[in-house]
Amino acid sequence: MQLEFFDVPSPCVGICQSDDKGYCMGCFRTRDERLNWIDFDSDNKQKVIKRCLARKKRKGQVAKPKAIEEEVVIEQPSLLDPPVKTTIDNSTDLDFGDFEL
């Protein structure tokens, strides 16, 4: 077991709708997992997150909320997604010939 200095954050992304299997469409937790989240210890919270990742992988897609009529839905980043690495393009040639101090 690893030492825990901080509590495990909730995987909730603010899309609180259940799919046909009863999983949340945003975080893929069951109803019981959502209701009892605050009572779980860190180990159980990490197990829930692993189960959510497996459910998301089985579903084979990123959960997207259904837009009601023409309402604009802004998707929050999910804690279940891997971090996005950004790269900096250094290929531009800059001319500092006219630069003075």
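Trainee: What is the relative accessible area of Lys 59, and is Lys 59 buried, exposed or partly exposed?
Mentor: This is a predicted model, where local features need pLDDT of at least 70, side-chain atom pairs count only at pLDDT 80 or more, and totals for chains, interfaces and linings use all residues. Residues are numbered from 1 along each chain as its sequence is written, and side-chain values use heavy atoms, with hydrogens and water left out. Buried means under 20% relative accessible area, exposed over 50%, partly exposed in between (1.4 Å probe, protein chains only). Lys 59 is partly exposed, at 39%.

Trainee: Which residue meets Lys 59 in a salt bridge?
Mentor: A salt bridge needs a side-chain nitrogen of Lys or Arg within 4 Å of a carboxyl oxygen of Asp or Glu. For Lys 59 the N to O distance is 3.7 Å, and the partner is Asp 19.

Trainee: How many residues apart in sequence are the parts that this pair ties together?
Mentor: Helices are DSSP runs (H or I, at least four residues), numbered from the N terminus. Lys 59 lies in helix H2 (residues 42-59), and Asp 19 in the segment before helix H1 (31-35). So the pair ties together parts separated in sequence by 40 residues.

Trainee: What is the relative accessible area of Glu 33?
Mentor: Arg 55 and Glu 33 are both buried. For Glu 33 the value is 7%.

Trainee: Within what arc do the buried residues of H2 fall?
Mentor: The buried residues of H2 are Ser 42, Lys 45, Val 48, Ile 49, Cys 52, Arg 55 and Lys 56. They line one face of the helix, because, seen down the axis of H2, they fall within an arc (taken from the directions from the helix axis to the C-beta atoms) of 135°.

Trainee: Which exposed residues does the face of H2 turned away from its buried side carry?
Mentor: H1 is included in what covers the buried residues of H2. The face turned away carries Lys 50, Lys 57 and Arg 58.

Trainee: Which ring does the charged end of Arg 29 sit over?
Mentor: The test is NZ of Lys or CZ of Arg within 6 Å of the ring centre and within 35 degrees of the ring normal. The charged end of Arg 29 lies 5.2 Å from the centre of the ring of Trp 37.

How values were computed:
Helices (H or I, at least four residues) and strands (E, at least two) are DSSP runs, numbered from the N terminus. Contact means heavy atoms within 4.5 Å.
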